[in-house]
Every structure is written in C-alpha cells, then in structure tokens.
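Reader: Could you walk me through a model, feature by feature? I would like to learn how to read each one.

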Amino acid sequence: MEIKHTPVLLNEVISFIDFSKHKVFLDLTVGEGGHSEEILKRARGDSILIGFDLDEEILKIADQRLSKLNKKFYLFNENYKDFYKKLKEINIEGADFMLLDLGFSSFQLENGRGFSFLDEKSLHMGYSKQIRGADYYINKLSKNELAYIFEEYGEIKESEKIAEEIVKYRKNKKIETSKELADIVEKVIKRKGKIHPATKVFQALRIYV
Ligand SMILES: C[S@@+](CC[C@H](N)C(=O)[O-])C[C@H]1O[C@@H](n2cnc3c(N)ncnc32)[C@H](O)[C@@H]1O
C-alpha cells in the first residue's frame with residue numbers, strides 16, 4: 001500500500017532523542033509508522049519500540065514498514081490509555097521516550113472513514129471499524145439524544161434544530177455518508193466564510209464515537 005502520511009514535525013521530534021542513551025521508545029499513536037520508522041532507523045541495535053493504535057488497518061502498514069528495519073518492536077492494536085498494562089505484559093518497566101501525535105492521519109481521512117465533510121462512502125468517524133460508528137448513532141438515537149450530543153460535545157446553539165432536521169430526513173432515507181450529514185446541517189446553519197457549518201457537529205460526533 002502506498003504511504004501518504006507525512007509525519008508532523010519529524011525533525012523536531014527526532015531532536016528530542018539522545019540515541020546514544022535512549023533505548024526504549026513508546027509511540028502511543030503509531031499510525032502509518034512515520035515517526036516510529038525514523039526513530040527505529042536511528043536507534044541503537046539493542047533498542048525496542050512499542051507502538052499503539054486503535055486502527056487495525058493502519059497498524060498493518062506500520063508493521064510492514066517497521067519489519068524492514070531489523071530492529072525489535074511490538075505493535076498493539078489497543079487504546080494507548082492501557083499502555084502501562086501492556087508494557088507490564090512484555091516485562092518493560094518504563095520508556096526513555098514517549099510520543100503522542102494526536103488526530104487522524106491522511107490514510108484515515110482518505111479511506112472512507114467519514115472524517116471528511118465530502119466523504120460519500122461512509123459516516124463512521126471511528127478509528128477502528130470494530131466499534132459502532134456515527135452512522136449507527138445518527139440513524140438510531142432520538143431527537144433529544146442527538147441534540148444533547150451536539151450541545152454537550154459541540155456547544156452548538158442550533159443543536160435542537162439540527163437534530164430535528166436529521167430526524168425529518170431519516171424518515172425517508174437512512175443517512176449513510178458524511179456528505180449527506182454535512183448537507184443536512186447546512187440546511188440549518190448557513191455557510192459563512194471558510195469554516196464549514198458542520199464542523200462542530202462532526203467534532204461532537206467524533207468525541208461521542
Ligand atoms: C496523526 S496519526 C499518527 C501518525 C503517525 N505519527 C505517523 O507518523 O504515521 C494519529 C493516530 O492515532 C490513533 N489514535 C487516536 N486515538 C487513539 C487512542 N486512544 N489509542 C490509540 N491510538 C489512537 C489514530 O488511529 C491515528 O492512527
């Protein structure tokens with residue numbers, strides 16, 4: 001698979017590592033493995049890298065990439081909040097360097113996960129396909145429950161109106177894509193300037209999912 005994601009601030013991240021001393025590296029959001037690859041390339045032969053990601057597909061890409069380097073690494077398809085437990089399982093007591101690169105990667109943005117307003121394939125919005133996505137909740141929850149999510153996680157003034165519009169729309173057709181949802185929101189909040197009117201709705205759903 002072609003690797004598209006360019007790791008952010010790669011040189012800056014690398015500059016924090018003292019490769020003569022640091023041996024145990026923790027990449028809590030390994031993604032496509034851009035940062036991890038660069039770290040392992042430069043790491044001493046007796047180093048070890050432990051990576052975490054919720055996305056089982058993206059981890060396969062990281063695995064292929066890191067496997068070429070002939071250095072020791074473990075990849076866990078787990079939430080990084082459980083990293084301490086996982087380290088214990090492999091008898092590692094701590095790390096010399098830890099990286100947390102939050103957000104989604106371009107792989108996730110471009111591969112029909114529903115993160116983009118323009119996505120006409122999906123409305124999932126989750127990092128892992130194993131979990132219930134926004135598509136489930138948008139079509140299942142009541143008007144009040146949806147309004148609560150938009151209000152609580154998006155602080156949206158028009159929460160009730162948006163929830164009402166969603167419920168009206170889905171009486172005729174299931175909402176299947178992010179583009180469809182973005183268009184429904186745009187009926188309630190008119191576009192002003194560059195920021196898409198559905199930005200906060202997407203934010204709220206991503207947090208909820
Ligand atoms: C910006 S990408 C990381 C890109 C990576 N640094 C690289 O160079 O390819 C962030 C990654 O964090 C993962 N992620 C988000 N929340 C997570 C969590 N709670 N536990 C584990 N991984 C998570 C996402 O699936 C995504 O792959």
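This is a predicted model: local features need pLDDT of at least 70, side-chain atom pairs count only at pLDDT 80 or more; totals for chains, interfaces and linings use all residues.

Reader: Let us begin with the domains. Which residues belong to domain 1 and which to domain 2?

Author: The domain assignment gives residues 10-108 to domain 1 and residues 112-208 to domain 2. Their centres, taken over C-alpha atoms, are 33 Å apart. Eight residues from domain 1 and seven residues from domain 2 make the contact.

Reader: How much area do domain 1 and domain 2 bury between them?

Author: The general idea comes first. Interface size is often expressed as the accessible area that is lost when the parts come together. Here, domain 1 and domain 2 bury about 770 Å² between them, with 50% of it on carbon and sulfur atoms. On the domain 1 side, Glu-56, Phe-104 and Gln-108 supply 61% of the area buried against domain 2, more than any other three residues.

Reader: And how many salt bridges and polar contacts cross the interface of domain 1 and domain 2?

Author: Three salt bridges are found across the interface, and five residue pairs are in polar contact between domain 1 and domain 2. On the domain 1 side, helix H3 (56-67) and helix H5 (106-110) are the elements that give two or more residues. The residues of that side divide into three nonpolar, two polar and three charged.

Reader: Which partners does Glu-57 have in salt bridges?

Author: One is Arg-113, with the closest N and O atoms 3.6 Å apart. Another is Lys-129, where the closest N and O atoms are 3.2 Å apart. Glu-57 lies in helix H3 and Lys-129 in the loop between H5 and H6, so this pair ties together parts that are 72 residues apart in sequence. Glu-57 is partly exposed at 29% relative accessibility, and Lys-129 is partly exposed at 45%.

Reader: What about a salt bridge inside one helix?

Author: Glu-165 and Lys-168 meet in one, at 3.7 Å from N to O. They are three residues apart in helix H8 (residues 159-170), so about one helical turn separates them. Glu-165 counts as buried at 17% relative accessibility, whereas Lys-168 is exposed at 51%. Another pair to look at is Glu-180 and Lys-173, whose closest N and O atoms are 2.6 Å apart. Glu-180 is buried, with a relative accessible area of 12%, while Lys-173 is partly exposed at 34%. Salt bridges that share partners also join Asp-55, Glu-57, Arg-113 and Lys-129 into one network.

Reader: Is Arg-65 buried or exposed?

Author: The cut-off for buried is under 20% relative accessible area. Arg-65, in helix H3, has 11% relative accessibility, so this arginine counts as buried. Its side chain makes a polar contact of 3.2 Å with the side chain of Glu-37.

Reader: Where does Thr-29 sit, and which residues does it contact?

Author: Thr-29 is in the loop between strand S1 (24-27) and helix H2 (34-42), and counts as buried at 15% relative accessibility. A polar atom of its side chain lies 2.7 Å from the backbone nitrogen of Asp-101. Beyond four places in sequence, its contacts include Phe-52, Tyr-80 and Leu-99.

Reader: Finally, what is there to see in the backbone angles of Asn-91 and Met-125?

Author: Neither is a glycine, yet Asn-91 has a positive phi of about 60° and Met-125 one of about 65°. Asn-91 is in the loop between helix H4 (83-89) and strand S4 (97-99), and is exposed at 69% relative accessible area. Met-125 is in the loop between H5 and helix H6 (134-140), and counts as buried at 3% relative accessibility.

How values were computed
Residues are numbered from 1 along each chain as its sequence is written. Side-chain values use heavy atoms; hydrogens and water are left out. Helices (H or I, at least four residues) and strands (E, at least two) are DSSP runs, numbered from the N terminus. Buried means under 20% relative accessible area, exposed over 50%, partly exposed in between (1.4 Å probe, protein chains only). A polar contact is a pair of N or O atoms within 3.5 Å; within protein, one must be able to donate a hydrogen and the other to accept it, and residues adjacent in sequence count only if both atoms are side-chain atoms. Contact means heavy atoms within 4.5 Å. Domain bounds come from an automatic or database domain assignment. Buried area is the accessible area (1.4 Å probe) that two parts lose on being put together, summed over both. A salt bridge is a side-chain nitrogen of Lys or Arg within 4 Å of a carboxyl oxygen of Asp or Glu. Ala, Val, Leu, Ile, Met, Phe, Trp, Tyr, Cys and Pro count as nonpolar, Asp, Glu, Lys and Arg as charged, and the others, Gly among them, as polar.
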